Amino acid sequence: MTQPLDGLKVIEIGGTVSVSAAGKKFADFGADVIKIEPPQISEVRKIAPFPDDIFHIDKGAVHLAFDTSKRSIVVDHLTNSGKEIIQRLGSKANLIIMDIPAKEALDLINIFKDGDSLLTNIVTITPHGMTGPYKDRIENDLTLFGWSTRSHRHSITGREPLRYGPYAGVVQIGSTAAAVGMAAIWGSRSEGMSRLVDVAGVEALMGNVDSGFFLWAVNGALQPRSAGQSTGLYPMGAYKCKDGYMLFSAGRDPVYSRLCNAIGRPDLSTDKRFTDPVEKPKHFEAFKEILEEWLSTRTKYEAFDELQEKGVMCCPVLDASELENDRQSVHRKSYITRNQDGIGDITIAGPPFRMNGLHSDAWQSKPAPSFSQHTNEILEEYGYSKQETIALFRAGVTT
Amino acid sequence: MTSNLLQGINVLEISEVWAGPFGCSLMGDLGADVIKVESYPRKSETRNAGDPRLDPRVAEGDGPIYERINTHHHGNRNKRNIALDIRTSEGREVLTRLIRWGDILVESFSAGTIDRLGYGWDTIKEINEKITMLSLAGWGQEGPYLGRIMFGVGFDAMAGHSLIRGYQDGTPEEIIPILHSDATVPLTWIVAVLGSLMERDRTGKGSYIDLAQIEDLAWQFPGIISDWKMNNRVAKPVANSDPSIVPHGCYQSAGEDSWINIVAENDSQWQNLAAMMDHSEWAEIGHSWSSIVGRIDSRDEIDSHINQFTKQYDAFDLADKLQAQGIIAAPVLSPPDPLMSPQLHDRNWFQIVDHPYIPERLLGGFLWKIEPDAPSWDKRAALVGENNDEILMQLGFSSDDIAQMRSKEIIGDAYDEATR
Amino acid sequence: MTQPLNGMCVVEIGDSIAGSACTKTFSDYGARVIKVEPFSGNKIRRMPPFKGDIPDINGGAYHLAFDTGKESIIVDYSSNSGLEVLDRLYQLSDLVIFDTTVEKTKKLRSMINGVKYPSTVSITPHGMSGPFQDRRENDMSILAWTTRMYRNSMENMSPLRNAPGSTLVQIGHTAAAVAVGIYWGHQHDQIRRDAEVAGVEAILGNVDTGFVSWIFTGNLPERIGGQLKTRYPTGIYPCKDGYVILSANEEPWFSRLCHAIGHPEILEDERFTKDRENNWHAFMEYLGPYLDQHDKNYIFTHLQEHGVMVAPVLNASDLLDDPQAKARKSFVKIDSAIGEHFLAGAPFHLNKMNDKSFKLESAPKLGEHTNTLLKELDYSKEEIIALFRAKIIG
Amino acid sequence: MGNASLEGLKIIEMTEAWAGPVCASLMGDMGADVIKVESFPRHSLTRPTSPRYATMPGDGPVYERDALHHQGNRNKRNIAIDIRTESGNQILKKLLSDADVFIEGYAAGKIEKLGFGWKDVQKINPNITMISIAGWGLEGPYKKMVTLGAGLDATTGHLSLRGYPEGDFVDTHPNFHSDATGSSTIFFAALTALLQRQKSKTGTFIDLSQWEGLVWQFPTILAEWTMNQRIPERLGNDDPHIVPHGVYRTIDDDKWIVVAAEDDQQWEGLCKIIDRIEWSEISHKYSSIVGRIKGREEIDNAIESFTKQYEGFNAAEILQNNNVIASPVVTPPDVLLSSQLHDRSWHQTITHKWTGPVMVGGFLWDVEPDSLSWDIPTALVGQHNEEILIELGYDEKKISEFYTNGSIGNHYEN
């Protein structure tokens, strides 16, 4: 069975979380993704957790999840001999995605320049872009998130701003690069032109939805950094139930009225205290009490079933231990567990989307490669003799 | 003229809020021809504001509220708009022709709804076997939760993300609901639909794509599931800290509710930071903090020292100073702050958009820069039904047909504010 | 039985063949040797040959042979966190061998001071002082300094090196000697010593160089290749199936040779008693036929029976079949990263042949012992991961 | 007084040529009390009785003026005994009775005949470590065979690796690598045994085959055969995986220089110097090692056209200043031209009765805090007979008796 992206060649340079996330979808849907890793190991391989908390360059959870179906070659892209390899690999590729400092990226771009035209599509990922006064700044997941206005917005006034889960920001940046990279490939398929795409982490996060800036730009007024539970358009946010928390988004009709009926208080749906937009914010505590009392006799899954039955937007708040066994995850096989040589059982998320049916093999996730696993194989494939291969290894250009 | 990477791809959007529409705008940025079919006469959810006095999403002005709401503006640039009642037979005829026209159909109804409307995949592919249909229901098209309703904030909670986002000492009540899936799902589905078009080159047929938003979140957080499976540990919120890196946090800067993120990932960054704080000795060999080992054992002490230091400076200035020393540092931006970034101005990132009902303001720009054909904001968020005539003409309807449809309220270009 | 060097711990901080060769002998006789490697691995791991000519960071011939029984830990000591790890390693050990640039060595050695620290040996090309201290050399360029390349070659042809690697091995081997010496000293007078081995000096100061002879006589060595035609027969001579090497130019060996090849009359022949240096060709009329008729192993046995110093010239394929090597088990089969592999056995035998004092264990994979060692050095799991995150260890 | 690492150890050395004697000197360098028991009345190989190529012209016995002997015998005392005689035999027994290490270099089996095999020595002194260093070891079919270092070089396969690629074995200069490295092996073996003695409290016998001491040093020879069934070829000065890597002519006739660039950075430095900067630019095939190993000849020519304009030491200086591996191919007289060796005051000037003051090569290593010193120049044959015998408790009368009955001596017949 062929996969949708069979025949595509994608090169990944830099070994960061972003670039690994960018390459993952290409690889799992059938493209030949070559992961070019720096000799000093890739960032993505250094990230915990590790089995039993014992670090290992081939056992990091993020690496195991993001580098699936790829091939690994270790090349020092700072040396000329290394650049020559990248040039040879890259000129056969449909797309190169790199996440390295702007200076280094510029060097690599130049080896693919043929006059004004480019030999292949290149997407660069940098914190602030390839130009401008900040182009050489170094940032990480936390600081990029700080730039995006989301830290500030999604936290409580007076308290320190919060990022999302670790790496949420850099993963999103990688996905952004993947999307535009895919488009670039399509672009050269239809009219043969290669493009240079500059993805700046800050812009990719800030320009996307759910960033506070766009909202402010449109309405001009600065919103207070509200707590988790909205006191205006409630119930919105997490509410305690018998065995945990329920997440509600039922502040406005028709959902609000459905909720009132569902908890046996149809009267509330017409109660001015909770329906008049001006009154409503004053009576948050009163409503919270009513809702939590109803919830206190129900587990989150009971409440989930009961309320969704009545069309109320709500769902349980789950923790790591509950994900896999959620009925829906089980039905769709949203998580797959497999045994990987030398590592043991690992569990990763399944397909981000299903093409041609729930369990078609459009998506096939092969085990993540060990560090430098395919160096020799790839060099041979691209025409390097054994003598040349040894020479490169000997000079520390490859590993 | 915007980028033309996707020139020639016709995208048909029947979708609400962001996960679908924003992706369609991105495709529009890249040169695809996007037609948004907007609900009519019922006002679309995306444009459904609460009381304008209370709903922060509504821009000031005197035009219709549904044209002033941020939710709509943020997800609908670079498309054309037709407001159509697809429950009528004429409406269905229009939609059928649109489906013939389209290469991609994006719908984000809750699972089953589109089938009930009579446009399930079986029908669609009868009409146009070359089209790819993308469904974005949160839990996907199959399984026990079929028919349940939710959006981004809920998927975030069920993907296990919400519980690791909070303050370390916080309670789940404090956890702010977020729409992370709305930001990331479009990035995934663009790959999905283009992938299916590439497959179409081989098979001659479009495909059906079932994207469960919760599954698209799941792959992005391998740490959550792995720490459980590998080490039987339920990940706790780490807030802004990193268990292996000190310092790694958010610190107060001068000015009210103003903050700066600072990280020193290695010894040399730490050395420079210590020097900036007039405590070079903290990085000298012999001092326990000169090693990362000593630092992670004294996280709180180090953080409080840094707080004392950062309090004296403006976040932007201090970030400049620290970055000049190779230290990872960035101001924590509040919504208006991006306008203070020399970088974004230097890159001409902000876009001025002229819209009849919202004040002229600098809006956020594109997610990427492209050479040689840069993206441009050719079409501002369309008014409801703004392109009705143009689109219907293109589909081969006569001006009489159009006039009829308008009079029968099959199409329209205004909502009754009251409708829900 | 325990090995003679059990209980001793040697830390090797190096990046060439020399350091590995130096600590190998310690390791094979029972010392614990901890090899501190950079992320890219010690250069020795990149030395060919490789099985099937396929590079393998854990499968290079030099690595497999010289890193036997060692532990491998990856530490980047360019910053304080790494130095702090080294400091704990130092205190664990009895001896530290440096084999890196002078600059690094000086920095790393400066931390070693006081009673709780071990003695050290520093290996460098030109020593740790003087105008050449920062020069970079390799196996061949060091040999060039020692007059050996010049001496080992022929007139009008370029000077010639020895086998690749052999110079660095000799330097490392020299370091092993002084290392065990100062270790002994440390044990007996509690004086911590820092020894320094400069590659050029270690070889130039040794035998088999032309320097001292020239000092004594003012004569340059004759660059005459294999056969010395004035004081013969010495050097390499062709025979029926290959070559033999003869050292029979001096008495009593010369007489023994003449008898052995059945030409005692040579010893009365004036051409050879009075004017020997000019009659090599005449002499070859006696020796030549004998060599042509016999093969190298016969000549070896036969002439040796007459007490003549002669040996066959062997190549790789002959080695394993050599009767002496077989009888003494001079080559040992071990399991290694590339599977079954042959290595040379004990350089010397204590008490009796092949007792347990010498043991060959397979060479470590890159970074194989980082985790266990750091635990042993009292780092917590959390600290270990932090060090890994910071690219200090691998 | 020099280094004291081995102070208190008493070493009896009864070996000839180089490997054994040098080892004993190394022990002397580090403070051991080393006594060389010199063969008498037969003189050793390194003490020729008629002048030869390595003999310093001058007065005095030829056997005291030979460079080969001087190279391996500093820092030891010398007693010349005929151990075949009754009293000679007794003297050696006394010497061994309180010694820590006994190194003997006879052909296998010989020492037993002389009554000093391990069994006998053990009886004399159970704590002693005895080392026999026969070329092929004490056991096995070759045990009776005699050889010099050159023979070992040939039978370990080393000889098959050295030499000009185009040349013939007969062009390859015999070398004595086993002597140059054997001394360290013996040294290490002796200390290993002594360290073991600390636990076992008893002496050890060491069978040290110089062949085995050498063969482990050439892993490639064996590995090429066992891994890849290849017999490694003579490579001359080339390296198949490094270009440039060779020996080049300088401005002086028959003076040469080694130049090698092992990585791109060194290559860039070299290109600057030889005025081929474009060769290191990414656009040029030689900027990658892959291109360079295809262009060995052109590159070698370019380098030689540069080196030919300079004197070797200067060229090396220029190249080294640009991160290139480079060294002059040093001839014996050149050793005196090395500013480095002088700066480190490596050379040693020693005064010897018959050679007079002469500058020779220095030590193999230096040690802090107590650095090495050349306390005893090469001893004359039997120079310390009296001193040593008195230590052993003999009186003047006995000693002159030994002289007259020929069990000791202090000169050889020519």
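**Exercise 1. Two helices in chain C**

In which hand does helix 1 of chain C cross helix 7 of chain C? Work on the predicted model, and describe the packing of the two helices together with the residues that meet there.

*Solution.* Begin with the geometry: helix 1 (residues 17-28) and helix 7 (residues 166-189) of chain C pack with their axes 7 Å apart and at an angle of about 45 degrees. The crossing of helix 1 of chain C past helix 7 of chain C is right-handed.

Next, list the residues on each side. Helix 1 of chain C contributes residues including C:Ile17, C:Ala21, C:Cys22 and C:Phe26, and these belong to a contact in which helix 7 of chain C supplies, among others, C:Leu168, C:Ile171, C:His173 and C:Ala179. Sorted by class, the contact between helix 1 and helix 7 of chain C has eleven nonpolar and five polar residues, with no charged residues.

**Exercise 2. Contacts between chains**

Determine how many residues chain A and chain B each bring to their contact, and which element of chain A gives the most to it.

*Solution.* Counting by chain, the contact takes 127 residues from chain A and 129 residues from chain B. On the side of chain A that touches chain B, helix 7 (residues 168-191) of chain A gives the most, with 14 residues. The class counts for this side of chain A are 66 nonpolar, 41 polar and 20 charged residues.

Strand pairing also links these two chains: strand 8 (residues 196-200) of chain A and strand 12 (residues 369-371) of chain B pair in the antiparallel sense, over three bridges. Opposite A:Asp198 stands B:Lys369, which lies in strand 12 of chain B.

Then apply the count to the contact of chain D with chain A, which takes twelve residues from chain D and 16 residues from chain A. The chain D side of that contact has five nonpolar, four polar and three charged residues.

**Exercise 3. Domains and sheets of chains B and C**

State the domain bounds of chain C and of chain B, and work out the strand order of the three-stranded sheet in each chain.

*Solution.* For chain C, the domain assignment gives domain 1 as 9-207 + 330-389 and domain 2 as 234-317, and the centres of these two domains, taken over C-alpha atoms, are separated by 42 Å. For chain B, the assignment gives domain 1 as 10-219 + 350-407 and domain 2 as 248-342, with 41 Å between the centres of the two domains, again over C-alpha atoms.

In chain C, an open sheet of three strands has the order 7-8-9 with antiparallel pairing; its edge strands are strand 7 (234-239) and strand 9 (310-312), each of which pairs on one side only. The twist in this sheet averages 25 degrees from one strand to the next. Strand 8 (residues 242-247) and strand 9 of chain C run antiparallel and are joined by three bridges, and C:Ile245 has C:Ala311 in strand 9 as its bridge partner. Helix 13 (residues 296-305) of chain C lies across strand 7, strand 8 and strand 9, and runs at about 160 degrees to strand 9 of chain C.

In chain B, an open sheet of three strands likewise has the order 7-8-9 with antiparallel pairing, and its edge strands are strand 7 (248-252) and strand 9 (328-332). Five bridges join strand 7 of chain B to strand 8 (residues 259-263), the two running antiparallel, and B:Cys250 is partnered there by B:Asn261 in strand 8. Helix 13 (residues 315-324) of chain B lies across strand 8 and strand 9, and runs at about 170 degrees to strand 9 of chain B.

Methods: Residues are numbered from 1 along each chain as its sequence is written. Chains are lettered from A and ligands numbered from 1 in the order in which they are written. This is a predicted model: local features need pLDDT of at least 70, side-chain atom pairs count only at pLDDT 80 or more; totals for chains, interfaces and linings use all residues. Axes are lines fitted to C-alpha atoms, for helices over the stretch in contact, and angles run from 0 to 180 degrees between N-to-C directions. Helices (H or I, at least four residues) and strands (E, at least two) are DSSP runs, numbered from the N terminus. A crossing is left-handed if the near helix is turned anticlockwise from the far one by less than a right angle, and right-handed if clockwise. Two residues are in contact if their C-beta atoms, placed from the backbone, lie within 7 Å. Ala, Val, Leu, Ile, Met, Phe, Trp, Tyr, Cys and Pro count as nonpolar, Asp, Glu, Lys and Arg as charged, and the others, Gly among them, as polar. Domain bounds come from an automatic or database domain assignment. Two strands pair if DSSP finds at least two bridges between them.
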